[in-house]
Amino acid sequence: MAFCNKFGSLVRQSISQNGQTPMASMLNSIRCMSSSKLFIGGLSWSTDDQTLKDAFSGYGEVTDARVITDRDTGRSRGFGFVNYESTESASAALSAMDGQELGGRNIRVSYATDRRQPQPYNSNYGGNPDY
């Protein structure tokens, strides 16, 4: 039921902004809403993986919590990801934690989206740039 309400509000919002509902936008919204992975932004520099997991574990079984760090300095980049065992737990955590304070900063919580694009497979290429 919560899924239907959320989907309906997204469709209404998209229609009111654009006058139409692009299919790709609707499908992306559905995909994100069925995700059990959350993006957490606005983290303080002192937040580590365990602190992040502890903060979000009250909403369900956290399978992984990771603060993203700079590979050269090892310092937090100010965002991270939390994976839940279920989509219901992720939804509850998003609703409860978005805008809340963690480590002295108000955090932003949203469904994570996959930024990687699938690479086409070319069996003839074989890694040779001159081919």
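Which residues are exposed on the other side of α4? In the predicted model described here, local features need pLDDT of at least 70 and side-chain atom pairs count only at pLDDT 80 or more, while totals for chains, interfaces and linings use all residues. Residues are numbered from 1 along each chain as its sequence is written, and side-chain values use heavy atoms, with hydrogens and water left out.

The protein contains four helices and six strands, where helices (H or I, at least four residues) and strands (E, at least two) are DSSP runs numbered from the N terminus. The order of these elements from the N terminus is α-α-β-α-β-β-α-β-β-β. Of the 131 residues, 27% are buried; buried denotes under 20% relative accessible area, exposed over 50%, and partly exposed the range in between (1.4 Å probe, protein chains only). Contacts are defined by heavy atoms within 4.5 Å. Among contacts between residues at least 6 apart in sequence, 59% join residues at least 24 apart.

Four strands form an open sheet in the order β2-β3-β1-β6, with antiparallel pairing; two strands pair if DSSP finds at least two bridges between them. β2 and β6 stand at the edges with a single partner strand each, so one side of each lacks a neighbour in the sheet. On average, neighbouring strands of this sheet are turned by 20° against each other, direction ignored. Axes are lines fitted to C-alpha atoms, for helices over the stretch in contact, and angles run from 0 to 180 degrees between N-to-C directions. The antiparallel pairing of β1 with β6 extends over four bridges, and G41 stands opposite R108 in β6. Helix α3 packs on the sheet and touches β1, β2, β3 and β6, its direction making about 135° with that of β2. Helix α4 also packs on the sheet, where it touches β1, β3 and β6, and its direction makes about 150° with that of β6.

Helix α4 spans residues 87-97, and S89, A90, A93, L94 and M97 are buried in it. Viewed down the axis of α4, these buried residues fall within an arc of 135°, so they line one face of the helix; the arc is that of the directions from the helix axis to the C-beta atoms. On the other side of α4, E88 and S95 are exposed. The cover over the buried residues of α4 includes β1 (37-41), α3 (49-56), β3 (76-84) and β6 (108-111). G99, which follows α4, has a positive phi near 90°.

S44 is located in the loop between β1 and α3 and is buried, with a relative accessible area of 6%. The side chain of S44 forms a polar contact of 3.1 Å with that of S46 and one of 3.0 Å with that of T47. A polar contact is a pair of N or O atoms within 3.5 Å; within protein, one must be able to donate a hydrogen and the other to accept it, and residues adjacent in sequence count only if both atoms are side-chain atoms. Leaving aside residues up to four places away in sequence, S44 touches S76, L102, G103 and R105. G58 lies in the loop between α3 and β2 (62-69) and counts as exposed, at 66% relative accessibility. The C-alpha atoms of G58 and S89 are separated by 9.2 Å, the two residues being 31 residues apart along the chain.
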